[in-house]
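Take a look at the model below.

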Amino acid sequence: MLETGASHVETAIQFNLNNSSLISRWLIAFREQGIEGLKPKSKGRPSMSKKANNQKKKEEKKLTREEELEREIELLRLENA
């Protein structure tokens, strides 16, 4: 299309695409982001299970011996109360 000067509609017909506006969106993405703009992007929300597990692991790793003891004391105080 860029080389021949064909319109969006002509290009869509040439490549058997039903929607010529798709060509327009691709052209805009290409001009703004280059080839990276044309690569497929993941859709939807990311899984929560991995994120939650990673955060728990990070919390466990960050706790020093002193912090672990303080946490245990706090839990015991709550249990006694």
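Buried means under 20% relative accessible area, exposed means over 50%, and partly exposed lies in between (1.4 Å probe, protein chains only). This is a predicted model: local features need pLDDT of at least 70, side-chain atom pairs count only at pLDDT 80 or more, and totals for chains, interfaces and linings use all residues. Residues are numbered from 1 along each chain as its sequence is written, and side-chain values use heavy atoms, with hydrogens and water left out.

Start with the charges. Side chains of opposite charge can pair when their charged atoms come close. A salt bridge here is a side-chain nitrogen of Lys or Arg within 4 Å of a carboxyl oxygen of Asp or Glu. The count is two salt bridges.

One joins Glu 68 to Arg 65, with the closest N and O atoms 3.9 Å apart. Both residues sit in helix H4 (residues 65-80). They are three residues apart, about one turn of the helix. Helices are DSSP runs (H or I, at least four residues), numbered from the N terminus. Glu 68 is partly exposed at 35%. Arg 65 is exposed at 58%.

Lys 39 pairs with Glu 36, and their closest N and O atoms are 3.1 Å apart. Lys 39 is partly exposed at 42% relative accessibility. Glu 36 is exposed at 52%.

Which segment holds Leu 2? Leu 2 is found in the segment before helix H1 (8-14). Its relative accessible area is 57%, so Leu 2 counts as exposed.

Key
Helices (H or I, at least four residues) and strands (E, at least two) are DSSP runs, numbered from the N terminus.
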